[in-house]
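Here are my notes for anyone opening this one for the first time. Have a look at the model, then read the points alongside it.

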Amino acid sequence: GWKYRELSNNEITLTEYRDHGLGIKTLYLPETIDGHTVTTTSGGCLFNDTPADAPSWMTCEYPDSKDAELYEVLVIPASIKNVAGFYGELGSGSKRLQSLYQVVGLGDDITVTNMSFAYLKNLVSVDVPIKFEDSPQPFAGDESLMGITIANGEEIIPMGAFDGCKSLENVNLPSSLKTISERAFYETSIKTLRLGNSVQTIGSQAFAKSAIEELYISAAVTNIANDAFISTGNLETIEVNSNNPIYDSRDSSNAIILTAEDKLIVGSVGTIIPSSVKAIGENSFRDSMLMEIEIPEGVTTIEA
């Protein structure tokens, strides 16, 4: 059963789960309750995750769900568009939702928010396209998640969206995407990245510690954080579109160079520094697997 709250337009949001103890392994969210359409699930107390120091207004009525330790599959009806509250607990030893390995969406897409599906160690697949609210870490710490599709029309991947998703290799990015926020794909298994023609910004540590091997920067990218690709020891191939107004990878250098300053800002184990480069930027080769490199005579500055 569920505790719920009526919204405007005869819509309902699920606010708190009630154990039934029947040992069921598939959780079907309701599409209607008492003739009202269920459109959202709330975070906070959905599975009664009340912090010990929570204020009285936040305290949930029931203890942590025992049913939620058994669920392996979550089925979301087409009526529910915004999904929150299906996260595990970080570092507490709780088994709540730690058996969940598959999310099935029956609609065209779902919108996730802050930590909607975070810290689920066994979650492997989400088979519905994802939209984001501007909230951090919706899938952070999901070490078994292998693939994700971001819905058409989305422009921003929020901060830490897939931070620590160590198995994540297959990511379908929409052509509408403009911003990849900080730590969005930190420590993931993405190997090849071809950014669409709309991506403009790659944030701090966006792909740090990832398994990336090949990187293609389109003409639209105009803002790359100086630590966006640190600790990517497998990165060998870098190419910048020749029409990019800010960056280049001149002379097949396998590097990203800030054109106006002749500054190399992202290097790789395959980088050959062109003779026209004047500066090696901060973090360019930080924590890479670089064994040897030749610094040409034209370089006058090596930053931190």
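**Notes on the model**

1. Let's start inside: serine 116 is buried, with a relative accessible area of 0%. Buried here means under 20% relative accessible area, exposed means over 50%, and partly exposed is in between, with a 1.4 Å probe and protein chains only. Serine 116 sits in the loop between β9 and β10. The side chain of serine 116 reaches the backbone oxygen of valine 83 at 2.6 Å. Leaving aside neighbours within four places in sequence, serine 116 is in contact (heavy atoms within 4.5 Å) with Val83, Ala84, Gly85, Phe86, Tyr87 and Pro138.

2. A word on what you're looking at: this is a predicted model, where local features need pLDDT of at least 70 and side-chain atom pairs count only at pLDDT 80 or more, while totals for chains, interfaces and linings use all residues. Residues are numbered from 1 along each chain as its sequence is written, and side-chain values use heavy atoms, with hydrogens and water left out.

3. Now the whole chain. The secondary structure comes to zero helices and 25 strands; helices (H or I, at least four residues) and strands (E, at least two) are DSSP runs, numbered from the N terminus. Along the principal axes, the C-alpha atoms fill a box of roughly 75 × 40 × 30 Å. Of the 304 residues, 50% count as buried. Among contacts between residues at least 6 apart in sequence, 37% join residues at least 24 apart.

4. How many disulfides are there? The count comes to one, taking a disulfide as a pair of cysteine sulfur atoms within 2.5 Å. Cysteine 45 and cysteine 60 form it, with their sulfur atoms 1.9 Å apart. The link of cysteine 45 and cysteine 60 is left-handed, with -95 degrees about the S-S bond. Both cysteine 45 and cysteine 60 lie in the loop between β5 (36-41) and β6 (73-76), so the pair ties together parts that are 15 residues apart in sequence.

5. Are these cysteines buried or exposed? Cysteine 45 is buried at 13% relative accessible area, and cysteine 60 is buried at 9%. Cysteine 165 is also buried, at 0%.

6. Back to the loop between β9 (110-112) and β10 (125-126), where valine 124 is found. Valine 124 counts as partly exposed, at 30% relative accessibility.

Notes:
A polar contact is a pair of N or O atoms within 3.5 Å; within protein, one must be able to donate a hydrogen and the other to accept it, and residues adjacent in sequence count only if both atoms are side-chain atoms.
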